[in-house]
Each structure stands twice: as structure tokens, then as C-alpha cells.
Amino acid sequence: MNIRCLIVDDEPLAHEVILKYIEDIPFLETVGQCYLATEALSFLNTHTVDLIFLDIRMPKLSGLDFLRTLQQRPLVIITSAYEEHALESFDLEVCDYLLKPFRFDRFLKAANRALSVYTLKKQAADPSSVVAQPLATNESSRIYIKSDKKQVQLNLDEIHYLESLGNYVKVWEGQKFLLTPRTLSSFESQLPADTFIRIHKSYILNKKYVHYIEGNIIRLKNGKELPLGKNYRHAVKQLLNT
């Protein structure tokens with residue numbers, strides 16, 4: 001079951017960013033977009049929403065005042081350019097507070113946090129209910145990536161390395177790869193740090209596939225050679241020795 005999301009923000013650019021991030025997270029689904037909190041009030045009267053991505057400073061009715069009007073609140077993640085409202089927001093029991101501009105890795109962390117709360121509520125209401133699992137935590141052995149308009153599940157053990165290609169990343173499994181519209185940095189914060197090593201500004205490597213290191217070259221067991229960036233030498237040697 002997907003978490004049904006409503007975006008409430010008066011900035012069109014904010015909608016674009018959040019929509020793109022939601023598309024990359026399999027357990028989230030956008031069911032509506034509102035540019036005013038007053039529009040969101042009407043939307044909630046006719047639609048079921050599990051999670052709201054909510055801006056604070058909007059015309060007519062602020063995001064926090066909007067929350068106070070709701071007798072039954074969905075889960076809420078605040079998306080604001082102003083950090084001074086954080087304490088007041090958490091008093092209203094929001095799941096998280098994202099300070100604009102935020103990266104995908106921070107958005108993913110907030111989404112996983114919302115999923116954990118959503119799961120607990122579903123289980124409390126129905127112990128037999130089954131809900132989605134968080135996307136790629138350190139304890140997970142799988143990861144979902146978006147490739148060719150599909151959400152593809154990969155085993156982390158089978159990923160040899162990841163290669164940056166501008167605003168895309170090649171996820172290599174042996175001699176084949178999947179291309180996904182992500183940044184390498186978003187993967188770095190998502191993958192288990194005891195297994196995957198950032199070896200270069202353009203590469204993250206699964207250390208189980210390392211054959212040897214010679215100078216500034218890392219040779220994999222399948223014969224592939226990857227560059228070792230000078231800024232990553234110490235971290236690589238330290239991790240490979242653990």
C-alpha cells in the first residue's frame with residue numbers, strides 16, 4: 001500500500017522538486033497538489049490523504065494555522081525556507097521539518113520517518129495489516145531505483161559499483177548497468193557505509209568486489225579498473241582494513 005501524498009505550497013518550483021522526489025520513492029504516491037492552504041481544506045473534504053508536504057508562509061492562511069483547523073490530521077512534513085518555525089511545528093506533532101532547499105537524501109530520510117509512523121498507526125488499527133518497507137536503510141539488503149519509468153528492486157550484494165553521469169547514475173551489476181535519474185551523493189547517504197565506499201567524485205564501490213589496489217587504480221575481481229581519487233585514499237584504506 002502506498003502512502004497518499006498531498007503537496008501544499010504556493011511556489012510552483014517547490015511542487016516540481018517534491019513531485020520528482022516522490023516519483024523516486026516507491027511507497028509514496030501523489031494524489032493532489034494545492035497552492036493555497038484554503039484549497040487544501042476543500043481537497044481534504046473529498047479525498048483521502050495520508051501525508052501532507054506543507055509549506056508555512058502562504059497567502060490567506062499559513063501552513064501552521066491550517067494545521068490547527070484540522071480535527072483529524074494526516075501525517076505532515078513541513079517544507080519551509082524559514083527555520084524559525086521549527087519548534088512551533090514540532091509542537092503540532094509534525095513528522096519532520098525540511099529546510100528549503102533540501103536534497104533527495106534528506107527528503108528520503110523524512111519519507112522513511114513518515115513511513116515508520118504510518119506503519120505503527122496501521123498496525124495499531126489492524127495488527128494483520130501489511131505496509132511498505134522503508135527504502136534502503138542500513139539494515140536492508142535491497143534497494144529500489146527508478147529506471148526506464150519502472151521501480152526496479154536490486155540486491156545490494158549484487159551491485160558492484162555506481163558511476164556518476166551528470167544528473168544520472170549508472171548502477172553496475174557485473175557487466176550490465178541500470179541508468180537512474182539520481183545523484184551519486186543521494187546514494188552515498190542511502191547505502192550502508194560498511195559495505196559501499198566513495199572512492200572518487202564519480203564512483204561508489206562495493207568493497208566485496210575489490211581485487212587489489214595499485215597506485216591510484218582499484219581493480220575489481222571482474223577485471224574492471226576504477227580510479228581512486230586522491231581525496232579518498234585515506235578513507236578507502238581505512239575501510240578496507242576493517
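**Reading the predicted model: sheet, cores and salt bridges**

User: Which strands does helix 1 lie across, and at about what angle does it run to strand 2?

Analyst: Helices (H or I, at least four residues) and strands (E, at least two) are DSSP runs, numbered from the N terminus. Angles run from 0 to 180 degrees between N-to-C directions, with axes as lines fitted to C-alpha atoms, for helices over the stretch in contact. Here, helix 1 lies across strand 1, strand 2, strand 3 and strand 4, and runs at about 160° to strand 2. This is a predicted model, in which local features need pLDDT of at least 70 and side-chain atom pairs count only at pLDDT 80 or more, while totals for chains, interfaces and linings use all residues. Residues are numbered from 1 along each chain as its sequence is written, and side-chain values use heavy atoms, with hydrogens and water left out.

User: How many helices and strands does the protein have, and what box do its C-alpha atoms fill?

Analyst: There are 7 helices and 15 strands in the protein. Taken along the principal axes, the box filled by the C-alpha atoms is roughly 65 × 40 × 35 Å. A contact means heavy atoms within 4.5 Å. Of the contacts in the protein with a separation of 6 or more, 50% are between residues 24 or more positions apart.

User: In what order do the strands of the open sheet stand?

Analyst: Two strands pair if DSSP finds at least two bridges between them. In this sheet, 5 strands are arranged as 2-1-3-4-5, with parallel pairing. From one strand to the next, the twist averages 20°. Strand 1 and strand 2 run parallel and are joined by 6 bridges. I3 stands opposite L28 of strand 2.

User: Is I7 buried or exposed, and which residues does it touch?

Analyst: Buried means under 20% relative accessible area, exposed over 50%, and partly exposed in between (1.4 Å probe, protein chains only). I7 lies in strand 1 and is buried, at a relative accessible area of 0%. Not counting residues up to four places away in sequence, I7 touches H15, I18, L19, I22, T30, G32, Q33, C34 and F53. I18, 11 residues from I7 in sequence, is 7.8 Å away from it in space, C-alpha to C-alpha. Across the protein, buried residues make up 46% of the 242 residues.

User: How many residues does the largest nonpolar core have, and which elements give two or more residues to it?

Analyst: In soluble globular proteins, nonpolar side chains tend to be buried together. A nonpolar core is a set of buried Ala, Val, Leu, Ile, Met, Phe, Trp, Tyr and Cys residues joined through side-chain atoms within 4.5 Å. The largest one here has 24 residues, and L28, L51, F53 and F107 have the most contacts inside it. Two or more of its residues come from each of strand 1 (3-8), helix 1, strand 3 (51-54), strand 4 (75-80) and helix 5 (104-125). Helix 5 supplies the largest share, 8 residues. Another core, of 21 residues, lies apart from this one and has A37, L54, F66 and L70 among its members.

User: Which residues of helix 2 are buried, and what covers them?

Analyst: A37, A40 and F43 are buried in helix 2 (residues 37-46). They cover an arc of only 100° around the axis (taken from the directions from the helix axis to the C-beta atoms), which puts them on the same side of helix 2. The face turned away from this buried side carries the exposed residues N45 and T46. Strand 1, strand 2 and helix 3 are included in what covers the buried residues of helix 2.

User: How many salt bridges does the structure hold, and what does the pair E23 and K146 tie together?

Analyst: A salt bridge is a side-chain nitrogen of Lys or Arg within 4 Å of a carboxyl oxygen of Asp or Glu. The structure holds 13 of them. In one, the closest N and O atoms of E23 and K146 are 3.2 Å apart. E23 is in helix 1 (residues 12-23) and K146 in strand 6 (residues 142-147), so the pair ties together parts 123 residues apart in sequence. E23 is partly exposed, at 47% relative accessibility. Another salt bridge joins D65 and R68 (2.8 Å, N to O); both lie in helix 3 (residues 63-69), 3 residues apart, about one turn of the helix. A network of salt bridges links D9, E11, D55 and K100.
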